Structure formats: structure tokens, C-alpha cells
Amino acid sequence: MSGGGTWALPVADRAGVRRATVRLVKADRRLFGASVGLNVLAAGAGLAGPWLIGRIIDEVRAGQGVGAVDRLAPWIVVCALAQLLLARQARYAGHRFGERTLARVREQYVDRVLALPASTVERAGAGDLTTRGTADVTDVGTTLRDLGPELLVNGVQAVAVLGSVCVLSPLLGVLGLLGLTPVWLVLRWYLRRARDGYLAQGAATSRIAEAVAATAAGARTVEAFRLQDRRTRVSRDALEESRRTRLYTLRLRSVFFPVVETSYAVPAAGVLLLGGWLHGHGLIGVGAVVAAALYLRQLTEPLDQILMRVEQLQGSGASFARVEGLAAAPGAPVAEGSPEPADDRIVLRGARYSYEQGGEVLRGVDLTVRPGERLAVVGPSGAGKTTLSRLLAGVDAPTSGTVTVGGVPVSSLEPERLRRQVVLVTQEHHVFLGTVRDNLLLAEPGASDAELWAALRAVGAYDWVRALPGALDTVLGPGAHPVDGAGAQQLALARVVLADPHTLVLDEATALLDPTTARHTERALAAVLASRTVIAIAHRLHTAHDADRVAVMENGLLTELGTHDELVAAQGAYAALWRTWHGEGG
């Protein structure tokens with residue numbers, strides 16, 4: 001790219017996260033409902049124990065003797081066993097719901113990533129996208145699989161316990177709720193700060209990943225231009241920011257948990273004191289006081305688990321906001337029903353382009369590319385050639401002006417139609433894990449083996465693919481048969497042949513090939529696409545020599561346009577480039 005800058009992928013707000021959560025629940029409502037129902041039954045079975053103990057105390061005090069214990073104690077065992085079995089089934093249903101929902105989240109994330117235009121991914125940086133798809137999705141998965149079911153179980157238990165205390169004695173129930181006031185206050189204090197803290201922590205983690213990825217990808221450039229110190233400073237700054245954000249969330253937890261732990265004893269102690277006073281005045285039985293105190297002590301465990309889960313949910317909630325935020329990212333243009341291009345003519349009128357962080361890269365380009373023409377675009381580094389190629393291929397839309405094919409804006413074409421109109425091929429290519437056949441069928445799933453071999457022959461890859469152990473069935477990629485840069489580039493060009501677009505934009509597409517192979521490949525490709533338009537962003541001027549016309553870019557402007565012979569005779573910028581190249585490279 002001739003310029004650019006970073007751009008943060010969006011993060012979903014609280015309302016967006018809530019809507020997404022509701023959608024996920026609705027997608028599997030039956031299993032979610034079963035989990036809730038089983039938890040309610042388990043909580044109900046667990047409430048029987050303290051109530052039965054209270055009954056035993058009251059009946060013994062009333063003179064029933066050991067018979068009351070013998071009659072009621074077995075029911076305590078039965079209820080405990082029922083709670084165990086129901087809780088087990090509730091957790092099983094909850095985990096199933098979590099795993100199925102996580103699969104939906106992962107699939108939705110992949111779909112959204114694939115829908116992002118290349119320009120959006122490049123501006124955001126691979127680090128942020130990678131972190132969201134790995135660490136953040138993992139956090140969401142942990143919540144759905146583990147925290148969610150546990151929170152549901154404990155939430156039902158806590159509500160049931162408090163409700164039971166209120167049924168035993170409304171006054172004791174109110175006192176128990178008031179005793180939880182410190183917990184409520186510190187929870188509000190924590191929640192107001194935690195989400196932003198964890199979002200900042202996630203963003204800092206993304207910046208670390210981006211710094212490492214950028215340094216690793218550009219290692220040779222860093223070494224060649226002696227940028228080690230600069231990249232080290234960038235990494236240190238990212239690490240320092242991550243340390244600062246993590247210390248902030250740690251400070252929040254160091255306030256939250258001590259207050260919570262010291263507040264657990266308040267409700268039970270208050271109930272015992274008030275209950276004793278009420279009993280002394282004959283307003284309540286001892287059994288009810290004991291049962292209420294046992295309930296409130298029983299509340300400690302689910303409440304503790306809830307608060308622990310709430311704390312963990314702040315981190316996973318921030319992760320979910322980052323994952324769900326991809327829904328608001330600028331997506332691929334939706335242009336269903338857009339007009340069909342009248343012909344294959346590409347026209348630029350006053351095309352300008354500016355990156356968000358940086359100056360204007362294209363400063364008003366007027367150009368018409370005729371169908372079937374071979375146009376070479378040359379110029380010094382930073383002249384705007386790559387940006388021009390991205391506008392021609394619809395990857396970016398011009399800041400102002402127009403870029404049309406057959407009278408229709410290129411960037412407004414729906415992806416499938418655009419792929420049949422214009423294809424951009426750069427020097428950066430990816431070999432997908434799979435066979436040679438798999439890598440080629442990405443371009444045209446219905447292609448026959450004969451068509452695959454013809455495409456490989458067209459780009460000069462026929463011989464080395466035929467020599468592979470399994471030919472088209474040879475597995476490529478990490479852990480399988482390695483493919484060098486030249487081979488990856490030839491496979492990409494073979495995919496272009498199979499896609500059969502009417503216009504091909506080559507941005508240094510043969511840069512990784514040696515000069516002889518590159519020239520053979522370009523000529524073979526041109527022969528196959530004899531009736532196609534080829535626009536080549538050229539650094540090797542033999543490409544310009546073979547072209548029908550040559551366009552010269554300087555400082556974002558189209559300064560010269562004509563045939564090779566015309567431009568050499570004009571003694572302008574192109575002629576100077578040609579003399580320099582021809583003298584050095586012959």
C-alpha cells in the first residue's frame with residue numbers, strides 16, 4: 001500500500017451485547033428452558049433440608065420426641081439425593097447449551113470475518129482480528145460452557161433461598177436482604193468500572209499481538225533498515241500499556257472481593273439477633289429462626305459463586321463485546337440488484353483517495369482502459385500505483401470521483417459479480433491447507449481435472465505439479481508438502497485463469513519469480529487471456545515494453561500515457577526510467 005494507518009474494529013455496546021445474548025438463547029430455547037427448569041427443581045429440593053430441620057426442632061419442643069426425628073430425617077436424605085441428581089442433569093443440559101451456542105458464535109465470527117473487505121482487515125491490523133478470534137472467542141466459550149451454567153444454578157439457588165426466608169418470616173426476609181446492602185453497593189461500584197477496564201485490557205492485548213505480528217512479518221525489512229530499536233520500543237510500549245490495564249483491573253478486584261467476603265456474615269448474624277428478640281416476645285418459633293439462619297448461611301455459597309462469576313463475566317463480557325462488535329464493522333458492499341455493467345470498459349474520472357491517517361495518495365486520476373487492452377502502470381515507489389490497483393479491483397472506493405466498469409461503480413458490485421469482472425493479483429499469496437486440487441477449486445468449484453491441468457500449464461506450473469508424489473492430490477501446507485513463494489504465486493495465477501475474469505489487475509504478481517520465469521508466466525498468462533484486459537503494476541520495465549499502452553504515475557497523478565515507443569520518444573519521465581533500467585538490466 002502506498003499509505004495507510006491503523007483503524008480499530010468496533011466494539012459492541014451493552015445493548016448490542018444484550019441483543020446478541022437474547023438471540024443466542026432464542027436459537028436454542030428448548031435446551032435453555034430445560035436447563036432452567038432442572039435448576040429450579042434442584043433448588044427446590046435443596047430448600048427442603050433447612051425447612052425440615054426447623055420442623056424437627058419445633059415438633060421436638062412440642063413433645064413429639066424421637067419419633068419426629070425418625071419420621072422427618074429420611075426426607076432430608078431423599079431431598080439431598082434428589083438435589084444431587086437434578087443438579088447433575090441441570091449442569092449437563094447447561095453444558096450442552098454452552099457448547100452448541102459456542103459453535104454458533106464461532107461460525108458467526110468466521111462468516112463475519114470472511115465478509116470483511118480486505119481494506120477493512122488491513123486498516124484494522126491482523127493482530128486485533130487474530131486476538132478476537134482466539135483469546136476473546138475462547139473467553140466467550142469458557143463462559144458459555146462453564147460460567148453460564150454455574151451462574152444459572154447459583155442464581156436460582158440464591159433466589160429460592162431468599163424467597164424461603166421471606167416465606168418463613170417476612171420481617172426476617174427483609175432483614176436478610178438489608179444485610180446484603182454492602183454487597184450490593186460494592187458490586188455497583190465494581191460494575192461501573194470493570195467493563196471499560198477489561199475492554200482496555202483486551203485492546204492492549206491486541207496491540208501486543210499486532211506489534212509482534214508486524215515485526216515478524218517485516219523481519220527482513222526491519223533488519224535491512226536497522227529498525228530493531230524502533231520495533232523494540234513499539235513492543236515495550238504495548239507491553240507497558242498491557243501491564244497498566246491489568247494492574248487497573250487487579251486494583252478493582254482487590255477492593256471488590258474483601259468487601260464481599262466480610263459482608264457474608266451480616267445477614268445471618270442479623271437474623272439470629274432479631275429472631276431471638278422476636279422469639280423472646282413470642283412472635284416467632286425457634287424452628288423458624290433456626291431455619292432462616294440456616295437458609296442465610298446456605299446463601300453464602302451460591303452468592304459467593306455468583307459474585308465470582310460476575311467478576312469473571314466482566315472479562316468474558318468484554319470479550320463478547322469485541323467478538324460481537326465485528327457485526328458493526330464495514331462489510332463487503334451489499335449491492336443485490338445492482339445494474340449489470342454495459343461492457344468491460346473501465347473508466348476513472350477525477351479519482352482521489354486518502355487514507356485515514358496520511359495524506360492524499362491519488363490526487364485526481366482520469367483514465368480509460370479499453371476492453372482487451374494491456375496497460376502497464378509504472379512510476380517510482382509511493383507514486384500511488386498500488387492504491388490505483390485497489391481502486392480498479394473494487395477493494396477500496398475512491399474518496400471522491402468515480403471508478404466504473406461498464407458504467408457501474410466497481411466497488412458497488414456484489415462479490416460474485418465483481419470476481420467475474422475484475423480480479424486483483426498481488427505478490428502476497430496463500431497456500432491453503434489441502435490438496436493442489438483443493439487450492440485450485442476455490443476459484444471454480446466445478447472445474448474438471450483437464451481444466452485444472454490447463455490452468456497450471458498456462459502459468460508454467462504444470463511440470464512441478466505433475467512431479468509431486470500425488471500430483472493434484474498432493475497435500476500442501478504446514479506439516480505436508482512445502483511450497484515456495486514462486487509455487488504459491490503460480491497457484492494463485494492458476495486460480496485467476498480458472499476464475500476467468502474479463503479484467504486482470506497484476507500488482508507485482510510475478511515479483512517472487514526469477515526474471516526468466518516471470519516473463520514466461522506473464523506471456524503465458526497473456527496468451528491464455530488473449531481477449532481479456534490486463535492491467536499490470538510494473539517494476540520490471542519489460543512488462544511496459546510488451547504492453548499496448550503505458551501509464552506513468554508520479555505523486556498520485558497520471559503524468560504520461562501512451563505506447564512504449566511514444567513515451568520513449570517524448571523524452572519524459574518514462575524515457576528516463578527506461579534508459580536507467582535498460583542500461584542496468586538490459
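This is a predicted model: local features need pLDDT of at least 70, side-chain atom pairs count only at pLDDT 80 or more; totals for chains, interfaces and linings use all residues.
Student: Why is Asn-439 called buried?

Tutor: Buried means under 20% relative accessible area, exposed over 50%, and partly exposed in between, with a 1.4 Å probe and protein chains only. Asn-439 has a relative accessible area of 1%, so Asn-439 is buried.

Student: Which residues is Asn-439 in contact with, leaving aside its neighbours within four places in sequence?

Tutor: Contact means heavy atoms within 4.5 Å, and on that basis Asn-439 is in contact with His-430, Val-431, Phe-432, Gly-434, Leu-476 and Arg-495.

Student: What makes residues 436-441 count as helix 14?

Tutor: Helices are DSSP runs of H or I with at least four residues, strands are runs of E with at least two, and both are numbered from the N terminus; helix 14 covers residues 436-441 and includes Asn-439.

Student: How do you know that strand 1 and strand 2 pair?

Tutor: Two strands pair if DSSP finds at least two bridges between them, and strand 1 (residues 346-354) and strand 2 have seven, in the antiparallel sense, so they pair. Within this pairing, Leu-348 stands opposite Leu-367 in strand 2.

Student: What makes strand 2 an edge strand?

Tutor: In the open sheet of four strands, with the order 2-1-4-5, strand 2 (360-369) and strand 5 (408-409) each pair on one side only.

Note on methods
Residues are numbered from 1 along each chain as its sequence is written. Side-chain values use heavy atoms; hydrogens and water are left out.
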